[in-house]
Amino acid sequence: MHKYEYRGVIFDLDGVLTDTAHYHYLAWKRLAESVGAIFDEAFNEQLKGVDRMGSLNLILAASGKDFSEADKLTLADEKNLHYQSLIAQLSPADLLPGAAPSLQLIRAAGLKTALASVSKNAQAVIERLGIADQFDVVVDAAKIKNSKPDPEIFLTAAAGLGLTADVCFGVEDSIAGIRAIKSANMFALGIGSPAVLTEADVVIAGLHQFSLQDYLK
Ligand code: BG6
Ligand code: MG
């Protein structure tokens, strides 16, 4: 049996295991345009990994207009309904390249796996993708108080695995998520562009480039 530096891997969901980050993007873009806020890819990077109301508040601030709490809840619901319509047909075919093999490889090697997603839709998404049984622990919005970049979600996932932070690493596509992992004192594997994920320890383009061999002692 190989000896790995780590005993647990904690995965973000949206944009890491499946391209639902794109559906969040489309739903936020439509909402932003409806309130007159300028919305582009760069702005969207600031929303990734941030919870629903946090993201909405950033968009509304960019619109320069004032909204009541009741208006905000209505807008958040509208965005969520749009997002849910976009993910209605999600299936195992929507797993990103390398996602399923990486999970299988990690678990076959005896490491534990956890999901750390601030999305309230996370459980439905992993069920539709057919990977709900691939995690020893699932931590979603219902189980935490503070959204990424707070380390709480990664620390809660590690604790759920019965592991300390130093033997876990996190996998994330968002700036907020990488910050959360680093604040939790874990190794951060970024998924995406090194120019965006500047605080990650290592960045790969996608899980198709993931190799467990890189984590041998
Ligand atoms: C995160 C996404 O995983 O979940 C964000 O990166 C999204 O884009 C957040 O806003 C909250 O998702 P939901 O499904 O609870 O609105
Ligand atoms: Mg993500």
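Eight salt bridges are counted in this predicted model. The tour below visits some of them.

Start by selecting Glu45 and Lys48. These two residues form a salt bridge, and their closest N and O atoms lie 3.2 Å apart. Colour Glu45 by accessibility: its relative accessibility is 17%, so Glu45 counts as buried, the cut-off for that label being under 20%.

Next, select helix H4, residues 69-86, and show the side chains of Glu69 and Lys72. Their side chains meet in a salt bridge, with an N to O distance of 3.5 Å. Because Glu69 and Lys72 are three residues apart in this helix, about one helical turn separates them. Are the two partners buried or exposed? Glu69 has a relative accessible area of 56% and is exposed. Lys72, at 16% relative accessibility, counts as buried.

Now select Arg179 and Glu199. A salt bridge joins their side chains, at 2.8 Å from N to O. Which parts of the chain does this pair link? Arg179 sits in helix H8 (residues 175-183), while Glu199 is in the loop between strand S5 (187-191) and strand S6 (202-204). The two residues are 20 residues apart, and the pair links distant parts of the chain. Arg179 counts as partly exposed, at 39% relative accessibility. Glu199 is also partly exposed, with a value of 36%.

For the last stop, select Asp12, Lys148 and Glu172 together. What joins these residues into one network? The answer is salt bridges that share partners.

Note on methods: Residues are numbered from 1 along each chain as its sequence is written. Chains are lettered from A and ligands numbered from 1 in the order in which they are written. This is a predicted model: local features need pLDDT of at least 70, side-chain atom pairs count only at pLDDT 80 or more; totals for chains, interfaces and linings use all residues. Side-chain values use heavy atoms; hydrogens and water are left out. A salt bridge is a side-chain nitrogen of Lys or Arg within 4 Å of a carboxyl oxygen of Asp or Glu. Buried means under 20% relative accessible area, exposed over 50%, partly exposed in between (1.4 Å probe, protein chains only). Helices (H or I, at least four residues) and strands (E, at least two) are DSSP runs, numbered from the N terminus.
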